[in-house]
Number of protein chains: 4
Amino acid sequence: MVRPRFHKLAVARQEHILNAALSEFAAHGFADASLNRIIDAAGISKGSMYYYFDGKEDLYTHVIRDRLERLLGGAGPFPVPPAGTPDEFWSSLTELYLRLMKVLLTSPEVAALLRGWLSGGGAPSVSTAQQEAEQATLPWLLGTLAVGQEIGAVRTDLPTDLLLALVMSLGQVIDIWLIRQPPASADLDRTVRTLIDVIRRAVAPD
Amino acid sequence: MVRPRFHKLAVARQEHILNAALSEFAAHGFADASLNRIIDAAGISKGSMYYYFDGKEDLYTHVIRDRLERLLGGAGPFPVPPAGTPDEFWSSLTELYLRLMKVLLTSPEVAALLRGWLSGGGAPSVSTAQQEAEQATLPWLLGTLAVGQEIGAVRTDLPTDLLLALVMSLGQVIDIWLIRQPPASADLDRTVRTLIDVIRRAVAPD
Amino acid sequence: MVRPRFHKLAVARQEHILNAALSEFAAHGFADASLNRIIDAAGISKGSMYYYFDGKEDLYTHVIRDRLERLLGGAGPFPVPPAGTPDEFWSSLTELYLRLMKVLLTSPEVAALLRGWLSGGGAPSVSTAQQEAEQATLPWLLGTLAVGQEIGAVRTDLPTDLLLALVMSLGQVIDIWLIRQPPASADLDRTVRTLIDVIRRAVAPD
Amino acid sequence: MVRPRFHKLAVARQEHILNAALSEFAAHGFADASLNRIIDAAGISKGSMYYYFDGKEDLYTHVIRDRLERLLGGAGPFPVPPAGTPDEFWSSLTELYLRLMKVLLTSPEVAALLRGWLSGGGAPSVSTAQQEAEQATLPWLLGTLAVGQEIGAVRTDLPTDLLLALVMSLGQVIDIWLIRQPPASADLDRTVRTLIDVIRRAVAPD
DNA sequence: AATGAATGAGAGTTCATTCAT
DNA sequence: GATGAATGAACTCTCATTCAT
C-alpha cells in the first residue's frame with residue numbers, strides 16, 4: 001500500500017512522480033518497466049521511492065488506481081444506468097462510453113497503461129494490483145449488468161463472471177482499435193454506436 | 001531458426017527440453033521467462049541450449065509453433081467451412097471449435113502459452129515469432145470470415161481487421177474461461193454451443 | 001561518463017579501484033581485459049562498479065584520462081616550444097621529452113596503458129575514448145609541429161597527418177624501448193638526446 | 001604447430017580454410033576473432049579444425065606465416081642488397097619496398113593482418129606466434145641492416161634492436177598510411193621514394 | 001580421418017531492494 | 001523525512017576446447 005507519507009508531498013511533486021511512473025509503465029508494461037528509469041525521470045532518490053511506496057508493484061498499483069480514478073472522474077459521474085426499457089438502457093450506456101472514449105483518446109499513455117493492465121496475463125506478482133484495480137472498476141460494471149438483467153436488456157443464461165469477461169474483452173478490443181486508429185471526431189459517434197451495438201447483440205437475451 | 005541439430009536428438013530428449021521451455025513460458029510469459037530456469041529444468045548446459053537454438057526468442061518461437069502444430073494436428077484437419085446456409089456455416093464452426101477445445105482442455109500449459117501469445121502486446125522483440133505464428137493462424141480465420149460474409153452469415157459493415165479482432169478476442173475469453181473452469185465433460189457441448197452463439201450474434205448481419 | 005558518485009568516494013578507495021583497472025587494462029588491453037577480474041582485485045561488487053561507471057568502456061576512458069592527466073601534471077607544464085632558431089626548438093623539445101620520460105619510467109603500468117592506447121587499432125567501441133584522449137594530446141603536438149614548420153625546423157613536404165604519425169610512431173618506439181630497458185640514470189640524458197635527434201633527422205627539412 | 005595432416009588436404013581445401021581464417025583475423029584481430037565464425041565460413045567441422053591445428057593460436061600463427069611467405073614470394077626474391085655505395089644501397093632498398101607495397105596494396109586483408117600483427121601489443125598468448133613470425137622476417141632485415149652498416153649506409157651508434165624497431169615502426173606507419181589512402185598509381189613511386197628517404201635520414205650516419 | 005554434440009566458465013550488463021546516515 | 005551508496009543475484013549470450021563416435 002502507498003504510504004500515507006506520499007500524500008503529504010506537494011501535489012505537484014506527487015504528480016511529477018506519478019507521471020514518470022505512468023510513462024514508464026505505459027511504455028514497457030509492468031515487468032519490463034525499470035524503477036531506475038522512473039526515479040531518474042522523476043528526479044527523486046531511490047530511497048525516497050521506497051519511502052513512499054512499498055516497491056515496484058505498489059507503485060504500479062497506485063498509478064493505475066490513481067489514473068483510472070482521475071480518468072473516470074474527468075469523464076463525469078458514471079452512474080449505473082437507471083432502470084427503464086432495454087433501449088433506454090443501451091442508449092444510456094452508449095452515451096457513457098462515448099464520454100469515456102473521448103477522454104481516453106486525449107490521454108494515450110493512460111490508454112496504454114489501461115490496455116496493458118486489462119490484458120492481464122503474465123506476471124503473477126501483479127495479481128495483487130490486478131485484483132485491487134478490478135475491485136475498483138468492477139462494482140460499477142457488475143451493477144450495470146445487474147440492472148440490465150433486471151429490465152431484460154441483458155441475457156441471464158450465462159454465469160456473471162463470463163458475461164463480465166465477454167463485455168470487458170469486447171470493450172477492450174474496441175478501446176484498442178479506437179485508440180490505434182482514432183476516427184475523425186465526426187465519425188466517432190457513429191463508430192462507437194455501432195461497436196456498442198456489437199456488445200449489445202452479444203449479451204442481449206434472445 | 002532452430003538448428004537442425006536439435007532434431008537429431010533423441011525424441012525423448014527433445015520433448016524434455018521443450019516441456020521445460022513450455023512450462024516456463026506458460027508460467028511467466030516470454031519477457032519474464034528465464035532461460036536459466038529452463039536449462040535447469042531441462043537438465044542441459046547453457047552451452048547446449050545455445051547449441052540447439054539461436055537464443056531465447058528462437059526457443060520461444062519453436063515451442064509455440066511445435067506445440068500449436070501438435071495441438072492442431074491432434075484435433076484433426078481444420079477445413080474452412082464450406083459455403084452453404086448460414087446455419088450450416090455456424091454449426092460447422094461449432095463442431096470445429098468443440099474439437100479444438102477438447103484438445104486444448106487436455107493441455108493447460110499449451111493453453112496458457114497460447115493465451116500469452118494471443119494477447120501479444122509487450123516485447124517488440126517477439127514480433128518475429130508473433131508474425132510467423134499469426135501467418136499460420138490467420139489465413140484460416142480470414143478465409144472462414146470471407147466465406148461467412150459471402151453466404152450472408154457474417155456482417156460486412158465492419159472493417160475486416162476489427163471483425164477479426166472481435167472474433168479472436170471473444171474466442172480468447174471463451175478459451176480462458178473454459179480452461180479455468182472446465183465444465184463437466186457432459187456440459188462441454190452445451191456450453192460451447194452457447195458461447196459460439198455469442199460470437200455468432202456479435203458478427204452476424206442484422 | 002564517470003558518475004559523479006565515484007568522486008565522492010574516499011580518495012584511497014578511488015585509487016584502489018583505478019589501480020585495479022589500470023593493472024588489468026595495462027596487462028591485457030581493453031578488449032581482453034576482464035571487468036570481473038577488476039572488481040575482484042578492487043574488492044568491490046559488480047553492482048558498485050556499474051554504480052560508479054557506465055560500463056567497461058567508461059572505466060577505460062576514465063582510467064586513461066586520469067592517469068595521463070596525473071602523469072602530464074607530474075611532469076610540469078608542456079608548453080609549445082617558443083619560436084626561435086631550429087636548434088633552440090629541438091633542444092627545447094629534448095628537455096621536455098626528458099622530463100616526460102623520467103616520469104613515465106616511474107610508472108610502467110601507465111606506460112603500458114599508454115602504449116596499448118597509442119597503438120589504437122582493434123575495437124571500434126573504444127573509439128570514443130580514443131578520440132577524446134587524442135583531442136587532449138594532439139593539439140599540443142600539432143601546435144608544436146606548426147611552430148617547427150614556421151621557423152624552418154620541420155619539413156613541409158609531407159601531409160600533416162603523415163608527419164604526425166611518423167613522429168608519434170618514433171616516439172612510441174622510443175618510449176617502449178626506454179621502458180623495457182631503462183638505461184642507467186646517468187645514461188638517460190645521452191640516450192634521449194640521441195633518440196630525439198633521430199626524430200629530428202626524420203622530420204627536419206633538407 | 002600445424003599438424004602435418006593439414007598439408008595432406010587438397011590444396012583448394014587448405015586455401016579455403018586459410019582464407020576464412022585470414023578474413024576473420026584481419027577483420028577482428030587475434031583476440032576478438034571467433035573460431036566459430038572461421039569454421040562456419042570455412043565449412044569444416046570444429047573437430048576437423050582441431051584435427052588440423054593445435055588451437056586458435058596455432059591457426060593464427062600458421063595463417064600469418066603462410067600469407068607472409070606467399071606475399072614475399074609474390075613480390076619476387078628479397079635479396080639482401082649487395083654491398084656497394086650507400087646510394088646504391090638505399091636505391092636498391094627503395095626498389096624492393098616499391099615491389100612489396102605494390103603487392104601489399106593488392107591484398108588488403110593480408111595488409112590488415114600484417115598491421116594487427118605488427119602492432120603486437122595486447123594478448124601475451126600470441127607471443128609465441130609473434131616470436132616465430134619475427135624469426136621469419138627479421139633475419140632478412142638484420143642482414144640488410146648489417147650490410148648497410150658495413151658500407152657506411154646505416155649508423156652504428158644505436159643498439160641493433162632499437163635500430164630495428166625504429167625501421168620497422170617507420171615502415172609500419174608508411175604501410176598503414178599508404179594502405180589507407182593509396183596514392184594514384186602514378187604517384188606511388190614518388191611517394192614511396194620520399195618515405196624511404198625519411199627512413200634513410202633517420203638511420204643514416206652523420 | 002573426421003565429425004559435431006556437449007560443456008562450463010566467463011563475458012558485460014541491469015535490476016529491485018536494503019540500510020546506514 | 002530523505003538520501004544514495006552498496007549489493008548480489010539474475011539476466012542473455014559467446015567462447016575455445018574436449019571427446020566419444
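**View 1. A salt bridge joins C:D206 and D:R201.** In this predicted model, local features need pLDDT of at least 70, side-chain atom pairs count only at pLDDT 80 or more, and totals for chains, interfaces and linings use all residues; side-chain values use heavy atoms, with hydrogens and water left out. Residues are numbered from 1 along each chain as its sequence is written, while chains are lettered from A and ligands numbered from 1 in the order in which they are written. The closest N and O atoms of C:D206 and D:R201 are 2.1 Å apart. A salt bridge here is a side-chain nitrogen of Lys or Arg within 4 Å of a carboxyl oxygen of Asp or Glu. Between chain D and chain C there are two salt bridges. The interface of these chains also has six residue pairs in polar contact, with both residues at pLDDT 80 or more. A polar contact is a pair of N or O atoms within 3.5 Å; within protein, one must be able to donate a hydrogen and the other to accept it, and residues adjacent in sequence count only if both atoms are side-chain atoms.

**View 2. Helix 9 of chain D gives the largest share of the side that touches chain C.** Helix 2 (11-32), helix 9 (160-180) and helix 10 (185-203) of chain D each supply at least two residues to this side; nine residues come from helix 9. Helices (H or I, at least four residues) and strands (E, at least two) are DSSP runs, numbered from the N terminus. By class, this side of chain D has 16 nonpolar, four polar and six charged residues. Ala, Val, Leu, Ile, Met, Phe, Trp, Tyr, Cys and Pro count as nonpolar, Asp, Glu, Lys and Arg as charged, and the others, Gly among them, as polar.

**View 3. Chain D and chain C bury about 2200 Å² between them.** Carbon and sulfur atoms carry 64% of this area. Buried area is the accessible area (1.4 Å probe) that two parts lose on being put together, summed over both. In chain D, the residues that lose the most area to chain C are D:L162, D:W177 and D:R201, together 26% of what that side buries. The contact (heavy atoms within 4.5 Å) takes 26 residues from chain D and 27 residues from chain C.

**View 4. Chain B and chain A are related as by a two-fold rotation axis.** Chain B is superposed on chain A by a rotation of 176° with 0.1 Å of shift along its axis, at an RMSD of 0.8 Å. The superposition is by least squares on the C-alpha atoms of residues with pLDDT of at least 70 in both copies. The two copies are therefore related as by a two-fold rotation axis. In chain B, the C-alpha of B:A202 is nearest the axis, 2.2 Å from it.

**View 5. Chain B and chain A meet through the same surface.** Of the interface residues of chain B, 89% are also interface residues in chain A, so the copies share that surface. The contact takes 27 residues from chain B and 26 residues from chain A. About 2200 Å² is buried between chain B and chain A, with 65% given by carbon and sulfur atoms. Two salt bridges are counted between these chains; one of them joins the side chains of B:D206 and A:R201 (2.1 Å, N to O).
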